[in-house]
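Dear colleague,

Here is the structure for your files. My notes on what was found follow below it.

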Amino acid sequence: MSRRILTSHEKALEINLDQKIYGTIAEIGGGQEVARWFFTVGGAAGTVAKSMSAYDMTFSDAIYGPTQRYVSRERLLAMLDHEYDLLQERLSQKRGEETRFFVFADTVAIRGFQPRSECHGWLGVRFQHELSAKPSEVILHIRLRDRERVRQQEALGVVGVNLLYSICYLWAEPYRLLESLLDNLDSERLEIDLVLARGPAFVDCDHRLLNLHLIVLGLARVILFDPTGHPRHPGELLHRKSVLIERGEFAPVTRMHLDMLQLAREKFLQDPAIERFAKIELLEITTKNLLLPDGKVDSRDFLERVDLLCAIGHHVLISNYAEFYEISAYLARYAEGLVGIVLGIPLLEQIFSERYYSYVEGGILEAMGRLFKKNVKLYVYPTRKVSDGELRTVEQLALEGPLGHLYAYLKETGRIEALSPRIPPDVSFSPRQVGALIRSGDPSWESYVPVRAAQLIREKRFFGYSEAAPAAGDPVAPGERPAVVS
């Protein structure tokens, strides 16, 4: 049964009429669009203890302390800290036993007279989910996709009301809380690519699954985890960096995956295009590699892949971008140095297959233009044919017709570089089959997996780990394993 979506007017009025909710609204950059709703609907004296906006940087720094970036998580946290401390200091004795205090804050960059490449912002609420409770917190990063300033301000006001309403009445249902954030909006106008929920209201909430839910709902195209397993906004980690990225299923990560990355890293670090920039490496999993036959995401499988990759020290990117030109364009939004993409021959062949671009208006030429629009290189790992065991490399890949000329041009200009492993890949090895070996109990899987990863798989019983002996006639016998697909 579908729920009735309240209008922003109804939500703001319901909060205003709730005598147990009281707090501060502080907004910087996009106008006082959230506070405006509560004053417009009437009864704001029952909700708003203070509304403020410090636009001048000198005033803002004097109140919240200096910061390198004004539209940042650091500035948002400083706003929440300062305003919540004041709220408690001035009102806790007077009405603390009968009031659930909150502070809503945002710091946003929207369209103005000067052009902006990125219209985005940080929104957060620090609140008491129960009377006299320790504070909890929800933080969001949003991207405003409207082209007109007025519509961006309108979207900011609506999502702010949605967030404040959801922490008042939906905090016990975090996934429903997320779903409500786009009430009276849609993903064409607003993207939410990070959510952080912490404190006593969210003790049972898994922040990894919460961020995955952003992709499932269509609120985000990409989410990113650092090696500690914590979600990070991509702009925080990728800003003005050179990026090396490898796409795979990683179920599990194998020695070959890391060999590919190491060989690419050696070439990447020698490229003069990265000299002025910090470097970061990402392992990417597309959501198509996480889907079950019914189209849903296997949460346990997702957590196992992310946990394993983070545990061996890698940043993990989850995206719903199917094509490489899409992820290349996304990275170019933040990265300013070289973007290196690590892949195998099978994926390189897909990149040059016109059938994958039937939905692109300009076909494969437009896709190639997007892929190589900025400083992008492909680092390509060889493979072997199943039929005869022949090693297939960048030089041996033959493309017919006009695409052959395009391929030759990209090779000659250094946009496609070959990786030369010290030990060529085994024709009998496939990363996908390692998972089958793990599930079957065949101990040979350990020879394909990094030592630390193998230890974690055994300890935590990842990927259906079994200690049982493999059955006779096992379908993953060495002679039947397909060639590597990366």
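A residue is called buried when its relative accessible area is under 20%. Val376 has a relative accessible area of 2%, so Val376 counts as buried. Please keep in mind that this is a predicted model.

Val376 is part of strand 13, which covers residues 376-381. Beyond its neighbours within four places in sequence, Val376 touches Ser328, Leu338, Val339, Ile341, Leu371 and Arg415. Gly414 is 38 residues from Val376 along the chain, and their C-alpha atoms are 9.8 Å apart.

Next, the aromatic rings. There are nine aromatic pairs in the structure. One of them is Tyr330 with Tyr334: the ring centres are 5.7 Å apart and the planes stand at 70 degrees, so this pair is edge-to-face. Tyr330 and Tyr334 are both buried. Another edge-to-face pair is made by Phe352 and Tyr407, with 5.3 Å between centres and 85 degrees between planes. Phe352 sits in the loop between helix 12 (345-351) and helix 13 (363-371), while Tyr407 belongs to helix 14 (residues 402-412), so this pair ties together parts 55 residues apart in sequence. Phe352 and Tyr407 are also both buried. Tyr330 and Tyr334 come up again in a cluster, where ring pairs link them with Tyr321.

Two arginines are placed over rings. The charged end of Arg247 is over the ring of Phe324, at 4.6 Å from its centre. Arg36 lies over the face of Trp37, 5.9 Å from the ring centre.

Regards

Key
Residues numbered from 1 in each chain as written. Predicted model: local features only at pLDDT ≥ 70, side-chain atom pairs only at ≥ 80, totals over all residues. Heavy atoms only, no water. Helix = DSSP H or I, 4+ residues; strand = E, 2+ residues; numbered from the N terminus. Buried < 20%, exposed > 50% of the residue type's maximum accessible area, 1.4 Å probe, protein only. Contact = heavy atoms within 4.5 Å. Phe/Tyr/Trp six-rings, centres within 6.5 Å; stacked < 30°, edge-to-face > 60°. Lys NZ or Arg CZ within 6 Å of the ring centre and 35° of its normal.
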